[in-house]
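Please examine the sequence and the structure shown below. The paragraphs that follow lead from a pocket to a strand and then to the aromatic rings.

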Amino acid sequence: SSKIKNHSFYMYTGKECLLELEVLDKDVCDILIDRFDNAIKFIRKQEKIIAQINIMISPILFAWLTCLGDKIKLISPKSEIENFKTFLNKASLNYIE
């Protein structure tokens with residue numbers, strides 16, 4: 001169903017949590033809306049745009065966030081920030097000589 005599509009990445013599922021992403025490039029808003037449709041919510045905190053989404057955490061989600069590069073930043077929850085950092089560090093080890 002579309003609810004499952006909006007809350008997970010393909011066949012990968014995990015624990016569901018509320019992610020907050022700071023949008024550092026406004027063009028990313030369209031990408032987020034295209035991927036998550038009505039499941040995503042945008043709020044303003046001071047001068048920042050924050051995207052909120054209830055989603056199942058998976059390695060594929062982290063890989064997808066990585067594709068957005070410096071245009072987005074995972075800001076909450078702290079436990080998932082640490083998991084994302086671990087994901088990035090493990091991936092980078094393949095390129096250290």
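Helices (H or I, at least four residues) and strands (E, at least two) are DSSP runs, numbered from the N terminus. The model is a predicted one, in which local features need pLDDT of at least 70 and side-chain atom pairs count only at pLDDT 80 or more, while totals for chains, interfaces and linings use all residues. Residues are numbered from 1 along each chain as its sequence is written, and side-chain values use heavy atoms, with hydrogens and water left out.

Consider the largest pocket. On a 1 Å grid over the protein atoms alone, a pocket is an open set of points where a 1.4 Å probe fits, with protein on both sides within 12 Å along at least five of seven lines; lining residues have an atom within 4 Å of a point. The largest pocket holds about 170 Å³ of space, a volume being the space filled by probe spheres set on the points, which are joined across faces, edges and corners. H4 gives the most to its lining, with four residues, and H3, E4 and H4 each supply at least two. Among the lining residues are Leu21, Leu74 and Phe84.

Leucine 21 also stands opposite leucine 74 in E4. Strand E1 (residues 16–23) and strand E4 (residues 72–76) run antiparallel and are joined by four bridges; two strands pair if DSSP finds at least two bridges between them. E1 also pairs with strand E3 (residues 48–56) in the antiparallel sense, over eight bridges. There, leucine 19 stands opposite isoleucine 53. Six of the eight residues of E1 are buried, so this strand is largely enclosed by the rest of the structure. Buried means under 20% relative accessible area, exposed over 50%, and partly exposed in between (1.4 Å probe, protein chains only).

The aromatic rings come next. Rings of Phe, Tyr and Trp (its six-membered ring) pair if their centres lie within 6.5 Å; planes under 30 degrees apart count as stacked, over 60 as edge-to-face and the rest as tilted. The whole structure has four aromatic pairs. Phenylalanine 36 and tryptophan 64 form an edge-to-face pair, 5.6 Å centre to centre with 85° between the planes. Phenylalanine 36 lies in helix H2 (residues 27–36) and tryptophan 64 in helix H3 (residues 59–67), so the pair ties together parts that are 28 residues apart in sequence. Both phenylalanine 36 and tryptophan 64 are buried. Phenylalanine 62 and phenylalanine 87 form a tilted pair, 5.8 Å centre to centre with 55° between the planes.
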